[in-house]
Amino acid sequence: MKNYFPSVIGQDDLKSRLGFYIDSYKQTGVLPNCLFVSAKGMGKSFISTELSKVLDKPMLLINSASIKSATAFIEQIVIPHVQDNKISLFLDEVHECANSKGLMTFLLSAMNITKEGVNRVNYQDYVLEFDSRKVTFLAATTEFHKLGYAFRDRCIEFHFKPYKVDELGKIIQKNCPTVKFDNRVLNEIVSVCRGAPRQCVRFASDILRYCTINKTENFTMDDWHNFITRMGVKPMGLQDTEWTYLKLLRERGKMTLTALAASLELSPTTTRTGVENFLLKQHLIKIEQSGRIITKNGMDVLNSVKN
C-alpha cells in the first residue's frame, strides 16, 4: 500500500482510507467530495493541502464565514477561479455556509453525485459546469452536527483521532530539525500543546527562536524551564483566561455561568464555548445544576504553580 502522505505524522487510519480513494482516482480521475472533521488545529488544512499535491491540483482555500451569499461565491470564486480549471476547492469551516444566503443550496447542486460526474447549475446567463474530473471539493468543519444530512450525504467523512504523545513529539522535532532535545524534554513540551499539531508547530517555532537567541543547538530541561518562565507557559497549555477562570472558582467556590462571564468580562456564550470546553475535557471543572465548581484535578493544576 503506497503512502501518499509521508509528511503527515499520525492519523494512519485516515491516511489509509484516503489512499484507497486516491488509488481509485488514479484510475478514474475522480475523487469523491471529502469532509474532514476534527477540533481546531488538528491538521485538516494541512492534509487537504497535501492531498491536493497528490492530485496535482492547485488548492483554493475558502474561509466559509467570509462568504455572505451564493452570488458572492459564484462571482468572486466560481466564475474567475473554478470554471474550466483543474482545482481543489477547500471550504474551511463549511458549516458556516448555512449562514450565507443561498450558498448551501448552491453547493448541494454543485456537489451532487451523478453517474456522469458532471453537474450544471444555471446562474443568470451562465451555465456553471462542475466536472468532478476537474473540480475536487474538499471541506472541513469543527461542528459537523451543524451540517444538514443532505450535505454530509454528498461527502465521504474523515474523522481525525486524538494524536499520541510520540506523534506530537515527532511533529515538534520535524519543525525543529536543527535542535537536539534532551531526554524527557519533548514529552514536557507535548504536555502543553493541548493535543493539537498546530500548537506543536507554534512551540517549535518559538523554541527555534529561543535557540537562536541563546546560540545553542541543544535544548535541555533547564532551557525548557527558562523558556516557560519567560513565555508564561502554564500547565497543560492553559490560556490566561482559563487560568483566571480556575482561580475564580478556587477563591469564590461554586459560581454561575453568568457570574463567571461577568468576572471575565466575556459573554456567557464565549465563556461556555471558548473557555469551558477545554477545562471540561481535562476534568478541571464540573458543571452542576446550581453552578460551576473546580475539581480536585483543577486544584492540583493551580497548586502546581507558585503564584
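In this predicted model, glutamate 242 forms a salt bridge (a side-chain nitrogen of Lys or Arg within 4 Å of a carboxyl oxygen of Asp or Glu) with arginine 194, and the closest N and O atoms of the pair are 2.9 Å apart. Because glutamate 242 belongs to helix H10 (residues 240-252) and arginine 194 to the loop between H7 and H8, the pair ties together parts that are 48 residues apart in sequence; helices (H or I, at least four residues) and strands (E, at least two) are DSSP runs, numbered from the N terminus. Glutamate 242 is buried, with a relative accessible area of 3%, whereas arginine 194 counts as partly exposed at 23%, where buried means under 20% relative accessible area, exposed over 50%, and partly exposed in between (1.4 Å probe, protein chains only).

Residues are numbered from 1 along each chain as its sequence is written. Local features need pLDDT of at least 70 and side-chain atom pairs count only at pLDDT 80 or more, while totals for chains, interfaces and linings use all residues, and side-chain values use heavy atoms, with hydrogens and water left out.

A search of the whole structure finds 15 salt bridges. One of them joins lysine 15 to aspartate 12, with the closest N and O atoms 3.6 Å apart; both residues lie in helix H1, 3 residues apart, or about one turn of the helix, and lysine 15 is buried at 13% relative accessibility. In the salt bridge between glutamate 143 and lysine 146, the closest N and O atoms are 2.8 Å apart, with glutamate 143 partly exposed at 25% and lysine 146 partly exposed at 47%. Salt bridges also link Glu116, Arg120 and Glu129 in a network.

Leaving aside neighbours within four places in sequence, phenylalanine 36 is in contact (heavy atoms within 4.5 Å) with residues including Leu14, Leu18, Ile47, Leu51, Ala139, Phe158 and Phe160.
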